[in-house]
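The entries below follow the order in which I looked things up.

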Amino acid sequence: MDSYIDLKNITTEELKNADLDRIDVTGSPPDMEPHRQYYFMAKCRQIVKSESERLGRPLYACSVCFGCQMNARDSEKLLGVLRSAGFRESDSEDADFVIYNTCTVRDNANQRVFGRLGVLNGYKKKNPYMKVALCGCMMQEDLVIKKLRRSYSFVDLIFGTHNLYKFAELLYRCYTEKGMIVDIWEDTDKIVEDLPVDRKFPFKSGVNIMFGCNNFCSYCIVPYVRGRERSRAPEEILREIKELAADGVKEVMLLGQNVNSYGKEPAGTGFLSFPELLREVEKVEGIERIRFMTSHPKDLSDELIEVMGQSKKICRHLHLPLQSGSTRILEKMNRRYTKESYLVLAEKIRRAIPDISLTTDIIVGFPGETREDADDTIDVIRKVQFDNAFTFVYSKRTGTPAAAMEQVPDGEVRENFDRILACVQETARERVKRFEGQVLPVLVEEINEQDNSLVTGRLTNNTVVHFPGDASLIGEIVDVKLVRCEGFYYIGEMGKDGNG
Ligand code: SAH
Ligand code: SF4
Ligand code: F3S
């Protein structure tokens, strides 16, 4: 057998490709990151190995993700560690290790987690070796932790958003210590790079460009659970994207709560601006599509519109959350733009990039919202003509300024919600249809879930297309004739003339 790897004398690059079974774990763990986490992955491998020898079968881990794209990316990191530790991935929650990466943006996200925990407890009673772990945004709330400690004592491990990079170390503690392990940090300025990632799709990937949020929209809990805004160094982002391209990735989605303020925090770093970063990403060979999420309207610059207009790779899609069309409500939401300035911005984008699709998020029932305010939202939807709009009922989040404001009765919210949703559906149906009959490139993502003679992919504007095809097309960009628009998606046929 080859000699052992000494963690004190190995570069991060070598570490990423190293055989974990050869890491010397006889001494104490190193302090340096990410080396320390690789040490614990190697330690966990020994535990997983001996346990699966004892059971005569592999150990299975199941990772479940709630919430946004950022959480989805975090879950890929969790799975990367679990795989490195020797677990096999399972879709079933009746597994040996189950981890929920939680979301708390609206209360129903929390309710879902508590509901499903009951089911996990049932599995755990049958499998005494099973471990249950919880992490993510919901865990950053004191009240949640109190409730878990009081009524969900079967949970083995709880950690938050700021120390996710320590997962390997916490996993090791989970298997070597008794009782519930809780490790939650208030905030962090640390970004640990180069941990293993297990991507869900071989051909597309999220890439974090910043963490946290400083905007404090008055309804939103994200700044409290994700901490202060901090950008990743551009060289790290570009290195990751180059590695992804070398690994066959064609589409990257740059992720941040407010990508338009990329590079501003931490102050004084001299990082690129977001449009400058996009110009650099454009140069990476092999990357064919660039997306990003989310853009805050208040920070969207003319330079960004220019870069998007000139780019061959940036997708013709912009998600630009409106939240409300009423200037009065926008002010109470602390969004820092008005109905008029949003309309001017949307018009400017459309003029520069005529074929672009705009999508949005809308909150209905924010404290003090009247029928007239909802009419303003409907007016903006009619004028902007979104390709899609995610419409949410306002959810009161403890600790946010809006929670202390006078709430709107449920009945009124329902009525406005139904009116807004009907308007979204009507306008989107018309708007999405504009490409009917054209032949456009589609990146094929998967076999259609309902009908396995079809594959499902996306246009650069993010519209979904279903067309006859097989698994060999997954990850390919192919020309598809958009034969028929069915509301929010298309039915198509492959080939320039639609005849395959
Ligand atoms: N950073 C993004 C949004 C992240 S949260 C942005 O600023 O656009 C995703 C969406 O959830 C938000 O756009 C908003 O529409 C919705 N949301 C956030 N807090 C909410 C709440 N308390 N109730 C209902 N919807 C909410
Ligand atoms: Fe929440 Fe506003 Fe930050 Fe988006 S920008 S995450 S809505 S506080
Ligand atoms: Fe939810 Fe956290 Fe994302 S609260 S929306 S998972 S940042």
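**Helix α6 and its cover**

I began with helix α6 (residues 167-176), where 7 of the 10 residues are buried, so the helix is largely enclosed by the rest of the structure. Buried here means under 20% relative accessible area, exposed over 50% and partly exposed in between, with a 1.4 Å probe and protein chains only; helices (H or I, at least four residues) and strands (E, at least two) are DSSP runs numbered from the N terminus. This is a predicted model, in which local features need pLDDT of at least 70 and side-chain atom pairs count only at pLDDT 80 or more, while totals for chains, interfaces and linings use all residues. Residues are numbered from 1 along each chain as its sequence is written, chains are lettered from A and ligands numbered from 1 in the order in which they are written, and side-chain values use heavy atoms, with hydrogens and water left out.

I listed the buried residues of α6 as F167, A168, E169, L170, L171, C174 and Y175. Their cover, with contact taken as heavy atoms within 4.5 Å, includes helices α2 (35-55) and α3 (69-84) as well as strands β3 (97-102), β4 (131-136), β5 (157-159) and β6 (181-183).

**N110**

Is N110 buried or exposed? N110, which lies in helix α4 (residues 107-126), is buried, with a relative accessible area of 5%. Leaving aside residues up to four places away in sequence, I found that N110 touches C103, T104, M138, E141, V144 and R397.

I then turned to the nonpolar cores, each a set of buried Ala, Val, Leu, Ile, Met, Phe, Trp, Tyr and Cys residues joined through side-chain atoms within 4.5 Å. The largest has 65 residues, and V252, L254, F274 and F292 touch the most other members. A second, separate core of 41 residues includes L7, A18, V48 and A85. For V252 I noted contacts with S205, V207, I241, L244, V281, I287, R289, I290 and R291, again not counting residues up to four places away in sequence.

Strand β10 (residues 251-255) pairs with β11 in the parallel sense over 5 bridges, pairing being assigned if DSSP finds at least two bridges between two strands. L255 stands opposite M293 in β11. Strand β11 (residues 289-293) is mostly covered, with 4 of its 5 residues buried.

**The closed barrel**

I traced a closed barrel of 5 strands, in the order β15-β16-β17-β19-β18, with mixed pairing. Within it, strand β16 (residues 454-458) runs antiparallel to β17 and is joined to it by 5 bridges, with H466 in β17 as the bridge partner of T456. The two strands form a hairpin with 5 residues between them, and N462 in the turn has a positive phi of about 85°. On the other pairing that I checked, 3 bridges join β17 (residues 464-468) to the parallel strand β19 (residues 489-494), where V464 stands opposite Y489. In β17, 4 of its 5 residues are buried.

**Ligand shells**

Which residues surround ligand 3? Taking a residue as near if one of its heavy atoms lies within 4 Å, I recorded G67, C68, N71, C103, T104, V105, C137, R226 and Q257. Around ligand 2, I recorded C213, N215, F216, C217, Y219, C220, V222, P223, Q257, H296 and R335.
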